[in-house]
Amino acid sequence: MLPKMASARWISASLLVLLLSLHPAVDAFYLPGTFMHTYEPGEEISAKVNSLTSIETELPFSYYSLPYCQPPEGVKKSAENLGEVLMGDQIDNSPYRFRVNVNESVYLCTTDPLTKEQAELMKNRARNLYQVNMILDNLPVMRFTEQNGMTIQWTGYPVGYNPMGSSEDYVINHLKFRVLVHPYQAQGDVVVTSEDGVAMVESDRKSGFQVVGFEVVPCSVKRDPEAMAKLKMYEKVESVSCPLELEKSQVIREKERITFTYEVEYVKSNIKWPSRWDAYLKMDGAKVHWFSIMNSMMVVFFLAGIVFVIFLRTVRRDLTRYEEMDKEAQAQMNEELSGWKLVVGDVFREPCCSKLLCVMVADGIQITGMAVVTIVFAALGFLSPASRGMLLTGMIILYLFLGIIAGYVGVRVWRTIKQTSEGWKSVAWLTSCFFPGIVFIILTVLNSILWGKKSTGAIPISLFFTLLALWFCISVPLTLIGGLLGTRAASIEFPVRTNQIPREIPERKFPSWLLVLGAGTLPFGTLFIELFFILSSIWLGRFYYVFGFLFIVLFLLVIVCGEVSLVLTYMHLCVEDWKWWWKAFFASGSVAFYVFLYSINYLVFDLRSLSGPVSATLYLGYSLIMALAIMLSTGAIGFLLSFYFVHYLFSSVKID
């Protein structure tokens, strides 16, 4: 039995490696943290450093943009997946060395005298609240602070600080690490990953330790640079306590030499390896999430009641009464039509900009499919936060392959409106280029800003061309194939004929678009609480991992969008307004307007620390992309449900 299990595990690991090797950049695509690693006592583990980040500027920079100590073997970049690069991560090796279960206090290096530029840059990074993001065995370093009697958990530690009442800035140059380890005794074969992310099988592993926690207490300690410079890297030094007096802290100043040291303490822990991320994913706001869901349920039931009244009391009553009449009475009733029955000859008249409508509906379905599949996989635990960047990578890959669905939907809607397949190729082409094209334009503008600031958040030119290649080689062909399938699908016939002369729409006191815009408040009401947590995870560096709640909210959002669009479509038909196509789309799609307004509100009131026009421009640019995606997704859902409602309504009664 054991050989069979070992063989199965080896095949699984081999298939994983083979699958990842099919990616065009073989050494830049991996699944970190997928398997556990057990270390023997005294075994060396090298920490890695990610980009310096700040909630004030949202501009990430390389760790080695500051005069930190460099590893003896030189700076080497780690393999990064597509999502990590797009998020601005730049993971490098570091000189910080950890020997398992060996408590020590060691010396790293003493810098040369700081130049004016280096001193100013370090002060700027400290004042802008930049954080150093260190990683050990794929765990981000974590620190704790006390504020108002509460313990607050942070990932990373600050570059430096500026005490109140002081004109000087101080650098963090001494780190007190606390590594939590769990004793482990392996049985049989174990699948592990190396530091390069390669899956392998190790047999007959001996007892060892697993890293289950990584904490730090950052300090600023002034040392004698002349004496410390005589030491070699990793020589032992005396352990020190974090000084509270500023005169004993290391100031950032021109011509100042800074000594970097660190100490490590290992603590045995009962935390098991599968649970080591629980400390990062503590869900303090569970009650708030449930409140969000209950709020959404109230909106759903309210709208469901209105839909129930429309279908069972109004529409069904009219249809039943009509069917019970004899032919003579039906003919007389046809002459006395009122409400929605008056627009029978115009309800399926082609809307203006019909090709654009088909394209937007198709792109909306593609985005919705991507969101649903991603959230389901994340809720099931396939997209762990240990796999940095995989959430974004998965979303991009799903979007590319769902082009076939978008092409099918776009061409099918086009055939339905036109009652012919002529021109389907242009619809498929526009579907493949509309949303990605807008995103590429916005990203190009934002990227030029990031390039100007020399930020690691800037997308490399090579990756730009890679994304374009993926777009044209995968998404575009699949969209065209989907469009071809759409031409061969059974056509949807209109149940009534369209008159040659359009019917005049009665004048109204208020523009109908005012009602459409106001309708977006109902879907927004189901979304805004969860939106706060999502924005906090993106811009405040918090982990978002309540995908179960998010899936429920998404499900309720789809229901609300459909109900809102259906109710407004019926209201427009009742006042003889047969131009329902675009209004059905924007009745639910207008939620994006409120999402964008909420993003601005979040910028003003929750991101007060965000400084400078560059940071605000980046924030608004990314918010615009998010709002556009939400508009297309919710609009497509509302339009399709409204179309099937109108088709059912007018196919249930025959009016000559």
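Is Cys358 buried or exposed? Select Cys358 and you will find a residue that is buried, with a relative accessible area of 0%, where buried stands for under 20% relative accessible area, exposed for over 50%, and partly exposed for what lies in between (1.4 Å probe, protein chains only).

The model is predicted, so local features need pLDDT of at least 70 and side-chain atom pairs count only at pLDDT 80 or more, while totals for chains, interfaces and linings use all residues. Residues are numbered from 1 along each chain as its sequence is written, and side-chain values use heavy atoms, with hydrogens and water left out.

Next, turn to the disulfides (pairs of cysteine sulfur atoms within 2.5 Å), of which the structure holds 2. Select Cys69 and Cys109, whose sulfur atoms are 1.8 Å apart and whose link is left-handed, with -85° about the S-S bond. Cys69 sits in the loop between strand E1 (44-49) and helix H2 (82-86), and Cys109 in strand E3 (residues 104-110), so this pair ties together parts that are 40 residues apart in sequence; helices (H or I, at least four residues) and strands (E, at least two) are DSSP runs, numbered from the N terminus. Cys69 is buried at 5% relative accessible area, and Cys109 is buried at 17%.

Move on to Cys219 and Cys242, joined by a disulfide with an S to S distance of 1.7 Å. Because Cys219 lies in strand E15 (residues 208-219) and Cys242 in the loop between helix H4 (225-228) and strand E16 (259-268), the pair ties together parts 23 residues apart in sequence. Cys219 is buried at 2% relative accessibility, whereas Cys242 is partly exposed at 30%.

Finally, select Cys574, which is partly exposed, with a relative accessible area of 28%.
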